[in-house]
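User: Please take one residue in this model and describe its surroundings closely. Then go on to the contact between the chains.

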Amino acid sequence: MFSRIGKLLKVAVPALALAVVGGNIARGVEISGAGSTFVYPIMLKWMALYEKSHPNVKIDYEAIGSGGGIQGLINKTINFCGSDAYMSKSQMQQAGGVLHMPEVAGPEVMSYNLPMVHQQLVFDGKIIADIYLGRITKWNDPRIEKLNPGVKLPNLHILVAHRSDGSGTTFIFTGYLCKVSPSWKTQVGQATSVNWPVGRGGKGNPGVAALIDKTKGGLGYLEYAYAIQGHFPVAKLINKDGDKVQPSIASVIAAQKAVVANLPADLRIHIINPSGAKSYPISGFTYLILAKDLGYMSHAKAEATVKFIHWILTKGQSYAKELDYIRLGPAMQKKVLANLAKVRWKGEKLSY
Amino acid sequence: MAGLAISGVLAMFGLLALIFLVLLDGAWMAIGQINWHFFTSSVWDPVKGHDHYGVLAFAYGTAVTTFIALLLAVPVSIGTAVFIVRIAPRWLSGPVSFLVELLAAIPSVVYGLWGAFVMSPWLQNYPETWLYNALHNIHLIKLGYYPGSTPKYPLPEYFPANLVHGGPSGTDYLAGGLILAIMILPIITAITRDVLLQFPDSIEHGAYALGATWWQTTRLAINYCRVGIFGAAMLGMARAIGETMAIIMVIGNTDRISSSLFAGGQTLTGVFVNEFLEADRPIYFSAMMYVALTLLISSLLTTLPARFMLNRIGARHASEE
């Protein structure tokens, strides 16, 4: 009995080993990334297109959440990380030097459920903050009415919806509220999860959308792509210059343009409340993050990773629109490519 | 064979001990810094610099939803089990048993989606609306909150008021309790059915011989099996405490305590699954581990007595669950 199993193993093990090695040869280089779920739909598209035109490269991306991606980068278990939040100083130290490459922008929109109102509503930051602080509780509050002349607003309770899961979307949204409302900054603050003064939490965009959709008087923040694809009503926002701005590709590219002038060298920035007449006030970048020196992986992997990322930042940008992401503006793209050029492999420059 | 069995048991205990130790190690920092305030505070504020972690509101949410679930599920389960064992003809009892057990096979995330998109709007529009109309003028304690006043942060705004304060919402403790009730029905029913089958024929015949009616005999059977039924309810309770995906879809995910059934809440498992992935600072992560440790201990405390009781009466199928 045992000798037969032994014989079987003697044959099977080398065969298996051969299969694994052979598989590797056939597939060429395999690179892996992990992190942001926000970027997952377009990442799938990019991966499929890139693998088609580069049959020797196999890419794997696990959408485990930005925090998980950053942890993977720190532990050096992945080749690249996708994250909606940029890394903190201490995280960057732990990872031993990293480079942030914004890849696409994602605005956040205020969506609401008022079937009796047919005009598009307008909000400003202070009003949104006060609604989320529980200081404005009714739709026909004089401050909302003042911003929306001619709109007949109902005497209805505002059902405030927010994300219940820790998320980069919440990080950007609470960052915006901190910027426009000192009370929000001192009482609540900015984080991926906060202690919400009022409202209900839904898990992910679908959870928030379900909360808004279900109840007349619902209000919540959604990612642009999700709101557009689901045909949810979205509000115009008053920006820093006092203009009413529709969330759109043009207004977010305008916002990028506004921040490019005083961009930090490491590109760690959210596009929150920028100046400029046409700038949409709440959006963030989602980032590709690489270690500054890719020496912890093989040269072939490092080169394949950098090539793939270069492709995303150039050719890949044209696929953003069909999936309702917002591409990098030309000025921003130049800065990002300059950052990518700083990547090294054991001190060597990589070609791409 | 005996050796295999013993090493299996040892491996199980070892695994449990290992899980316990890993959680304890992870939670150590939070235990040191937060201490017992973890259980007495209802403020959960993971913002960097605030770092205030209290699970009272989540524990309250777990307790309330579990209580509602048991209140709804236990009578229905006993009724179903009595039907299967003592009323239904043989050709019907098999299919009914099967259907109830089928409920247990539905993944909890499916319950969650159904809960969010079907049950919750229905609950809001019908039962909660009726309850609200019936109960909104009845106040439990006339203190603190009065309708019409503006909630002021950070006061616990809706406590104490009445059972339906805030109006029908569909995402609240009641919705959480209802979905849990549906989910724990199969386990309670199946075990109750099995313990009712243990009711000795001799006692039943004796009861009839003394002139007891069918209903009196059934009550006798339920009374005879009460320890087993209690054990079944305890196992249902353990399942309710541990349930996650379904409940976060309908409970509203807010960390406030409220006496209103229509207020949003959160459970211990809910906060874990919502925030664990982004808990990227040491103290935040450690607090999450503390939550996990709390869950492990509380589920042990509910499961062990149930097992003990079921073993004592020797219910045949107890070990299947």
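**One residue and the chain contact**

Leaving out residues up to four places away in sequence, T65(B) touches Y173(B), G176(B), G177(B), L180(B), I247(B), I251(B) and T267(B); contact means heavy atoms within 4.5 Å. This is a predicted model, in which local features need pLDDT of at least 70 and side-chain atom pairs count only at pLDDT 80 or more, while totals for chains, interfaces and linings use all residues. Residues are numbered from 1 along each chain as its sequence is written, chains are lettered from A and ligands numbered from 1 in the order written, and side-chain values use heavy atoms, without hydrogens and water.

T65(B) sits in helix α3 (residues 56-87) of chain B; helices (H or I, at least four residues) and strands (E, at least two) are DSSP runs, numbered from the N terminus. A polar atom of the T65(B) side chain lies 2.7 Å from the backbone oxygen of G61(B). T65(B) has a relative accessible area of 1%, so it counts as buried (under 20%; exposed is over 50%, partly exposed in between; 1.4 Å probe, protein chains only).

Now the chain contact. Chain B gives 36 residues and chain A gives 35 residues. The area buried between them is about 2600 Å², with 48% from carbon and sulfur atoms; buried area is the accessible area (1.4 Å probe) lost on putting two parts together, summed over both. On the side of chain B that touches chain A, the elements giving two or more residues are β1 (44-45), α5 (108-125), α11 (245-250) and α12 (268-275) of chain B.

Terms used: Polar contact = N/O pair within 3.5 Å; in protein donor to acceptor, adjacent residues only side chain to side chain.
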